[in-house]
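Hello,

Here is the structure for you to look over.

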Amino acid sequence: MNVAAIERNCARLCSELRGGAQLCAVVKADGYGHGAVQSARAALAGGASWLAVACAREVRELREAGLREVPVLVMGSLTAEELEEALAHEADVVIWSERDLQAVAAAGGGRVHVKLDSGMGRLGTRDASEAARVAQAARVARGVRLAGVMTHFATADELHDEGFFSGQLNTFLEWARPLKAEQPQLIVHAANSAAVLREAASQLDMVRCGIAIYGMDPFGSDPAQRGLEPALELSSYLAEIKPCSAGQSAGYGRRFVAERDTQIGVLPVGYGDGWRRGLSNNAELLIAGRRYPLVGTVSMDNITVDVGSGPDAAALRGEPAILIGIQGSERITAEEIARRLQTINYEITCGLTPRVPRSYHRDGAQIDTSAPLVGTRTVDQSPA
């Protein structure tokens, strides 16, 4: 994973921001599969001033890695135990009811962000008057500090949403403006990656970007068209090359039967690594700068590719193979894999399992991930 790509993506997003809006880098779900700590370091170096996660365990990971002073927002719902842990690690937490506020006060207090559900239909209250009451109560509750107000868009990545995105933004602003007028230092935030690139009016005081900082397109199309650079490369190698005569098969269920004499390459990667079974007979890999079809059923530990019957096919044994990334003039994006699976790019990288070794570099120079982290927004990212 190229941390420099994350740094450049964050700088690219910061260049879009207007009116002094801050960038909050979302590093939940282990940095969308990229590695939370290294992604956080790169995002901070690229201009982010906040981090966001979903749960207490994720903020603990960041703090224990040395990112102790940077503001972190825990966006998810929390049990009593998780709330205590998040507050102990000096994270901001999200609330939307008087019950939530009482729980924060009972846990010793902390910084809170009140969430209005303007149309997502998940966490937060749909009742603007209730949200206002909670915000006002947070201002006077002992040990509690009202730090922000927020919402989350349901259709920012759908450009033809019949005005739903605009309606959410207007609903939120109508509620948030009086609160901001009473407390000018309040952080008002709503925009995700798609909203940042779609509508400058949604940027407000802070934006929460996840998918775009990793160089994936929030609209599910081509990252390059948005000026984004994918940070992740998923690679394996050809562990075996073997002949496959016409009529012979490869993989469980004989879902590939050779129509001609060919040769089959076997790679030690499968759904145990997050390379989904739905890609059976439904993907291509890059080997020696060319695309080769994945054939047969994806198993837990292996996939097979048809490398053809040419005289040089056997020489491919040991060659690296790119499942996501660039090789020569060819590239395979997470968006391409997502389209084949009829899903979204988020799920492709988040689905990579812990069995996949992660290595980090900065434009090719390997970095030492065992080095202790120091500081917050100016972490040294020089290569080892």
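The lining of the second largest pocket holds 20 nonpolar, six polar and five charged residues (nonpolar is Ala, Val, Leu, Ile, Met, Phe, Trp, Tyr, Cys and Pro; charged is Asp, Glu, Lys and Arg; polar is the others, Gly among them). A pocket here is an open set of points on a 1 Å grid over the protein atoms alone, where a 1.4 Å probe fits, with protein on both sides within 12 Å along at least five of seven lines; lining residues have an atom within 4 Å of a point.

This is a predicted model: local features need pLDDT of at least 70, side-chain atom pairs pLDDT 80 or more, while totals for chains, interfaces and linings use all residues. Numbering runs from 1 along each chain as its sequence is written, and side-chain values use heavy atoms, without hydrogens or water.

The second largest pocket has a volume of about 640 Å³ (the space filled by probe spheres set on the points, which are joined across faces, edges and corners). K28, Y32, R122, H152 and N192 are the closest to its centre, out of 31 lining residues. α2 gives the largest share of this lining, three residues (helices are DSSP runs of H or I, at least four residues, and strands are E runs of at least two, numbered from the N terminus).

The largest pocket comes to about 760 Å³. Its lining has 37 residues, with L232, E233, L234, S235 and I324 nearest the centre.

Now the helix. α8 has a kink of about 30° at A176, shortly before P178 (the angle between axes fitted to the seven residues ending there and the seven starting there).

Best wishes
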